[in-house]
Amino acid sequence: MTATPTMTGQPDNSAGASGNKTSRATNPKIDKFIDQVDQLPPSPRLLIKLMELFEQPDQEIGEVVQLITYDPSYTAEILKQCNSVYFAGAEPVQDVSEAVARLGFAELHKIVTARFASQAILRPGHNSFVEGLWTHSAAVAVAAGVLAEPFEASALTAFTAGLLHEIGKVIMITADEASYVQAVQTSGIFKRPIYVTEKELFGFDHAEVGACLLQRWKLPPPIVVSVFHHHQLAGSEPCERLVAIIFLANVLAHHTGETFATVPKTLPGAAGAMDRLQTTQEKVFGMLPAMREALKKARALTRPPGGV
Ligand SMILES: [Fe+2]
Ligand SMILES: [Fe+2]
């Protein structure tokens with residue numbers, strides 16, 4: 001993937017308190033491609049507003065509660081998760097304000113992110129394809145969240161970027177199913193990475209499409225950059241740590257059966273990411289048990305609606 005022509009390094013304070021510089025995904029061809037999708041997933045307004053609030057030093061619980069109560073479907077999901085998963089067996093919470101107080105902002109953020117991402121990825125049609133994507137995305141999100149802590153990145157940002165890193169594939173198959181199925185088949189036959197075949201057939205790949213969409217939605221720049229670079233580390237400064245985490249989480253999910261149960265002999269292509277994180281394969285494998293545990297805990301958030 002040739003990443004740089006569509007991304008230009010720009011100082012941008014919209015990353016919030018982190019003060020990160022960012023890159024901007026600007027490609028009129030991709031914009032036009034996204035425009036032709038009949039039913040784009042809805043913009044994650046609640047998630048973005050919550051992320052802005054979470055960045056503030058004095059987070060006001062009242063503001064968070066007010067935001068959530070505007071959306072009945074999120075209200076129902078938060079109460080359900082709080083009563084049936086996080087505090088099952090305890091006195092049930094009656095309203096959002098009690099739920100937010102009990103859950104804390106980090107868990108609340110995860111519930112909102114998972115609900116939004118599942119709606120964006122599990123689009124009607126292409127069922128087995130998007131379900132596979134969702135399982136993979138959930139594994140990458142969990143692995144990225146675990147990797148973030150020792151490597152001093154935000155676990156919530158890593159979790160969010162992990163859940164959304166393949167969103168471009170959903171847009172591509174929705175926009176042009178026949179060509180995308182051809183890309184998948186060609187990749188399989190010639191054993192080439194899908195992003196290489198996408199680039200040949202479409203002129204761009206799913207990482208570029210996903211980043212363009214997330215930028216339209218105004219997600220924080222580090223998330224946009226991580227999605228753009230999840231197959232290509234070069235040019236990812238100044239977000240290279242987060243990018244390396246998502247890159248590594250992606251490779252790990254692919255080589256451990258999405259459950260972190262299989263310990264592979266090697267992690268093909270991950271040397272650059274491990275170098276950037278100044279870690280080793282042994283240390284990364286040492287985190288697999290924590291990833292298995294985190295995946296179990298996240299199951300209620302990440303299973304498809306109606307799934308087990
Ligand atoms: Fe990908
Ligand atoms: Fe992936």
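The crossing of helices H5 and H6 in this predicted model is right-handed. H6 covers residues 127–148, and the two helices pack at an angle of about 150°, with 10 Å between their axes. Because an angle over 145 degrees counts as roughly antiparallel, H5 is described as roughly antiparallel to H6. On the side of H5, the residues that make this contact are Ala117, Ser118 and Ile121, and these meet Val130, Leu133, Trp134 and Ser137 of H6. Sorted by class, the contact of H5 with H6 comprises five nonpolar residues and two polar ones, while no charged residue takes part.

A second pair of helices, H8 and H11, is arranged as follows. H8 spans residues 167–175 and H11 spans residues 206–216, and their axes lie 7 Å apart at an angle of about 100°. Since angles of 65 to 115 degrees count as roughly perpendicular, H8 and H11 are roughly perpendicular to each other. The contact brings Ile167, Gly168, Lys169, Ile171 and Met172 of H8 together with His206, Ala207, Glu208, Val209, Gly210 and Leu213 of H11. Six nonpolar, three polar and two charged residues make up the contact of H8 with H11. In general, two packed helices are described by both the angle between their axes and the distance between those axes.

At the level of the whole chain, the protein is divided into domain 1, which runs over residues 43–121, and domain 2, which runs over residues 126–308. The centres of the two domains, taken over C-alpha atoms, are separated by 24 Å. To the contact between them, domain 1 contributes 16 residues and domain 2 contributes 19 residues. On the side of domain 1 that touches domain 2, the elements giving two or more residues are helix H2 (45–55), helix H4 (72–86) and helix H5 (96–121). Of these, H5 gives the most, with ten residues. By class, this side of domain 1 holds ten nonpolar residues, five polar residues and one charged residue.

The confidence of the prediction was also examined along the chain. The average pLDDT of the protein chain is 87, and 90% of the residues score at least 70. Over residues 1–24, however, pLDDT stays under 50, although the model has 56 contacts beyond four places in sequence for this stretch. Where pLDDT is low, the predicted coordinates should not be read in detail.

Notes
Residues are numbered from 1 along each chain as its sequence is written. Chains are lettered from A and ligands numbered from 1 in the order in which they are written. This is a predicted model: local features need pLDDT of at least 70, side-chain atom pairs count only at pLDDT 80 or more; totals for chains, interfaces and linings use all residues. Domain bounds come from an automatic or database domain assignment. Two residues are in contact if their C-beta atoms, placed from the backbone, lie within 7 Å. Helices (H or I, at least four residues) and strands (E, at least two) are DSSP runs, numbered from the N terminus. Ala, Val, Leu, Ile, Met, Phe, Trp, Tyr, Cys and Pro count as nonpolar, Asp, Glu, Lys and Arg as charged, and the others, Gly among them, as polar. Axes are lines fitted to C-alpha atoms, for helices over the stretch in contact, and angles run from 0 to 180 degrees between N-to-C directions. Angles under 35 degrees count as roughly parallel, over 145 as roughly antiparallel, 65 to 115 as roughly perpendicular and the rest as oblique. A crossing is left-handed if the near helix is turned anticlockwise from the far one by less than a right angle, and right-handed if clockwise. pLDDT is the predictor's confidence in each residue, from 0 to 100.
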